[in-house]
Amino acid sequence: MAYASTLKRGVLASLLVGIASVWLLACQVSDSHPQEAEGGSQALALWYNRPATTWTEALPVGNGRLGAMVFGGVDQEVLQLNEDTVWGGGPNNNVTPSLKPYIEEVADLVLANRHEEAQRLADEHIASSNSGMPYQTVGNLVIDLLHEGSADGYRRSLDIGQAISSVKYRMAGVTYYRETFSALSEPAVVTRLSADRPGQMDLDIRFDSPMAHSVSVDGERLRVDGKGADHEGVSGKVRFTMFVQPVLDGGTLESSGDELRIRNANTVTLYTVVATNFVAYDDVSADETAKAEAQLAQALTASYDAVRETHIAHYREQFDRVTLDLGPTDNDDRPTDERLKAFAGGEDPALAALYFQFGRYLLISSSQPGTQPANLQGIWNPQMTPPWDSKYTLNINAEMNYWPAEPTNLSELHDPFFAMIDDLSVSGRKAAERLYGAEGWMVHHNTDIWRITGQVDGAYMWGQWLGGAAWLTQHIGYRYHYTGDRDFLARYYPVLKEAARFYASMLTEDPDTGWRVLVPSNSPENDYLHRGEGEQQAAIDAGVTMDNQLVFDLFTLVEEASEVLGQDEAFADELAELRKQLPPMQIGQYGQLQEWLQDWDSPDDKHRHISHLYGLHPSNQISPYRTPELFSAVRTSMEMRGDESTGWSMGWKVGIWARLLDGNRAYKLLTDQIKLVDENTESFESGGTYANMFAAHPPYQIDGNFGVTAGISEMLVQSHDGAIHLLPALPDAWPEGQVSGLVTRGGFVIDMAWQNGKVTEFTLHSRLGGPVRIRAHRAPTASTNVAVNTIDDPNSGSPNPLMQTPTIKTPLIHRPGVVKAPSVAPVTLVELETERGQDYRFYF
Ligand code: FUC
C-alpha cells in the first residue's frame, strides 16, 4: 500500500504533524524486504517502515563533535543539528565562597548527630551563584522535496556497521535514495539525495532554530550565525557559524530570500559544517567563521565517494574491534520498534546484541579524541534547556557513559573524559580552597562545559556531595589497568595526587566511632529520613558508605601509581595510614550493605541510586571469593531495592547482577530496559527504550545505553577480581554465541565461543605480556604449547600487577544470623605466563 505525498510549506512543527497524520491515514508500506546501504549487514541495522514523527524516532549520526538527528520524511527531510561546544553562558565558575561558614556549621551539626538541623541549615543556605549552563541545539536544516505522488517501499535505516543513515522509497516510478552521515574523517555532516532517473531532484533548503540566529545566502551556500543563550545570570558567549554547501550533479541552484532552490538536479550532496568560537573552558576567543570556512574547504577537497569511504573505514577501524553474536532472531523482517516492543516476551537475542553494539556506535559517534566528552544526551539535543541542562552529572551518569570504553575496545574514546578531568583539576582548586579551606581539587555532583565545580541545585540530596573528584579519577586507574600505559599514568599522576590531597585534608574524626569521615556529604541522591511532602527530609551525613569506598579506591590508586612511577613514597605512606582509619563496610539489620554509617536502610526504599553498591561495581572491593558476607549483603540490598527504575539505574543493575554472577537476573533487567516507550511516557522512573533505541530515563538520557552495553560485557567477561572470568553471568536465554575483541585488565583481548551455556573455546591475545589467571567452569586445554597451572587458593592474589585486588577492612556485621552464605557456581582457576603480542588458544 502507498501513501500520498502532500506538498505543504509552513513551520516545522506543523509539517511534522502533517507527516504523522498522513502516515496514520494511509500507512502501511512494507512490501520490501529490508536492504541495507551498500555493503551493510542486516544484523547491524535499525530500520523502520515510516518516517520519524518525533525526535526519539529520528536516527542519530555523529562524529564525536557534530551530530544530527535524521527524520527521513518523504516530503521533507529534517536534520536537527548539534555541535558539542554550543552551550549557554560563558566562562565562569559557580564557586560561592560565602558558603564556607555554613558548610562548616552543617558539618559540626552532623557530627553532633543533629542531622535534621544540619539538613535544614544546608537547604536554607547552601546554593551556588548558578547551577550550570545548558547544552543547546544549533537548529534544524529543513529540506523540502518537491516531488508529488504516492510513495511506496519506504524504508528508513541506520546501518551501525558503517555509521550511515538512509532513506529509500519509490514514487511515480522513480526510486529515491538519500543518505546522511557525520563524517569521522572530515568535519561535516554529509547528505546525498539521489534518484535512479536523471533530473529528479527538486528541493528547497532552509533553516530554523529556537536559538538567537540569522540566516543568509552567501554565494551558493546557506549561512547561519547564532549564539548560545544567557542563562542564570551568565551571558551567552558562544557564537557559531554554520554553512550548508550544496554540490550539484546537473540542474540549477538559485536563492530566494534565505533559502536555496535546486531544480532538475541528478544528485545533490549537502555539506553542513558548524564551528564555534570555543577554544577551552576558559577561552572563547576563536573566530567561528574562519573555522567554519576552513572546515568546509576541508570537507570539499575530496569527492563524495572518497569522503564516504574514508568515513566508513575510520568508523570500522573502531567499531569492528568487537563482534557479538548472542544467537539468531526470527524477527529480521520486523522493524526495530516492533522488535523492541516484543523483546521481553519473545526470543530475540540478536536484539540484545544490537543494543550492545548500538551503545558502542553511540560512543564512537559522541566521543572522539579532541571532542567534548559525551554529555547526558551524548551530543544529541533539540532544545535550548534540555532536561538537567544535558550537563555532566558526576554522581553516576557521566562515569557510566565511559564504562564501555575500555572493556569494549574503544580506549581512545575515553580521552575527552580525561581531558575534562584535567580541566576540573584546575577549576576545582578554587572549590577546594574557597569552600573547604582544603588542599588539592574537588568538584561536587555536576559540571558543564565551563567546568564549574561549586554546588549545583542546592545542597538537598545532591549538591553537597563530596565524591566527584574521587569517582572521576577512578577512570585514570581503569585506563592504566586495561592498557598498562605508564606514560598516561605519569601524565595524570598530578591530577590523582591533588584529588587525594583534597580528601586527605578533608577527612575528619567522627567523635562517636573514631573513624575518619567526609562531612558534610550525602549518599547520592537518597535520603534516610523521608517524611510527607512539605516536611523536613534528611540526606546530609558523615562517612556515607560510597564516600568511604571512593576515598579508599582513590588512595589505593595513588599508592599504586606512586610505586609504579617510583615517586612520592612518603605521601603514599601517609595515604595508606589514613586509609586504615576509614570506616569499614557494615552489614545492617536486614543483612543488607549499609548505605549510611548508621543502620538506616529501609526495605521499602526503591531509590534509583544504588551508590553504596559501587563497592561491587564498578569497584572491586567486594567479591564472592574474598568477601562472601559483603557479596551476600549486596544481593540483599539489590533485592530490597527492586528491579524497575530509570534507564541508567537498570543499566547499572545489569552490571551489578552480572557481578553477583546471576545471569538470569541480569537478563531480567535487560528485559525491563529493552521495552518500547514513547515521548509521552511520563513516569520518571520506568526506564525503557525509545523507537530509535535511545535509552529512556525517561526522558531520553544516553547513560542507559552505555550502562547496558557495559553490563552485557560484564555478563560475558569480567576481570576485576584478580582473574579473567569467562562467561561469569550467562543467562539461559543465550545458550550459544560468540564474541570477539573484548578487552580485560592486564591488556588481554578475548575471543570466545560457547555452546549449551559453557565456553567451548577461546583465544587470549596478550597485548602486554605477563602472567594471567583465568576463571572458567573447568580447566581449559591449551592448543598452544604453554604451561597452564591450576591454582587451588582463589584468594592467593593475582601475579599480574594490573589485576590487583584490594584488601579491605573486615566488615562489621551487626546481626550475623541474617547474613546468608552466597551460592555461586563452582569455578576453576588456572594461571599461565604470556608473551607480549602472542595469541593463546584454548578449548574445553
Ligand atoms: C541524577 C539522577 C537523575 C538523573 C540526573 C541527570 O540526578 O538522580 O535520575 O539521571 O542525574
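Asp 568 is found in the loop between α13 and α14 (569-580), where helices (H or I, at least four residues) and strands (E, at least two) are DSSP runs numbered from the N terminus. The model is a predicted one, in which local features need pLDDT of at least 70 and side-chain atom pairs count only at pLDDT 80 or more, while totals for chains, interfaces and linings use all residues. Residues are numbered from 1 along each chain as its sequence is written, and side-chain values use heavy atoms, with hydrogens and water left out.

Although Asp 568 is not a glycine, its phi is positive, at about 65°. Most residues other than glycine have a negative phi, and most peptide bonds are trans. Asp 568 counts as partly exposed because its relative accessibility is 26%; buried means under 20% relative accessible area, exposed over 50%, and partly exposed in between (1.4 Å probe, protein chains only). A positive phi, near 50°, also occurs at Trp 388, which lies in the loop between α7 (349-366) and β19 (392-393). With 37% relative accessibility, Trp 388 counts as partly exposed.

Two cis peptide bonds can be found in loops as well. One runs from Val 519 to Pro 520, with omega near -5°, and Pro 520 sits in the loop between β22 (516-517) and α13. Another joins Pro 698 to Pro 699, with omega near 0°; Pro 699 belongs to the loop between α17 and α18 (703-716).

Oxygen atoms of the ligand lie 3.1 Å from a polar side-chain atom of Asn 397, 2.6 Å from one of His 697 and 2.9 Å from a side-chain N or O atom of Gln 701. The ligand has 290 Å² of accessible area on its own, and the protein covers 97% of that area; accessible areas come from the Shrake-Rupley method with a 1.4 Å probe.

Attention now turns to the pockets. On a 1 Å grid over the protein atoms alone, a pocket is an open set of points where a 1.4 Å probe fits, with protein on both sides within 12 Å along at least five of seven lines, and lining residues have an atom within 4 Å of a point. The largest pocket has a volume of about 770 Å³, a volume being the space filled by probe spheres set on the points, which are joined across faces, edges and corners. Its lining holds 37 residues, with His 481, Thr 556, Glu 560, Pro 801 and Gln 804 nearest the centre. The largest share of this lining, eight residues, is supplied by α13. The lining of the largest pocket divides into 13 nonpolar, 16 polar and eight charged residues.

The second largest pocket holds about 450 Å³ of space. It is lined by 22 residues, and Leu 727, Pro 728, Leu 730, Gly 757 and Ala 825 are the closest to its centre.

Note on methods
Nonpolar A, V, L, I, M, F, W, Y, C, P; charged D, E, K, R; others polar. Polar contact = N/O pair within 3.5 Å; in protein donor to acceptor, adjacent residues only side chain to side chain.
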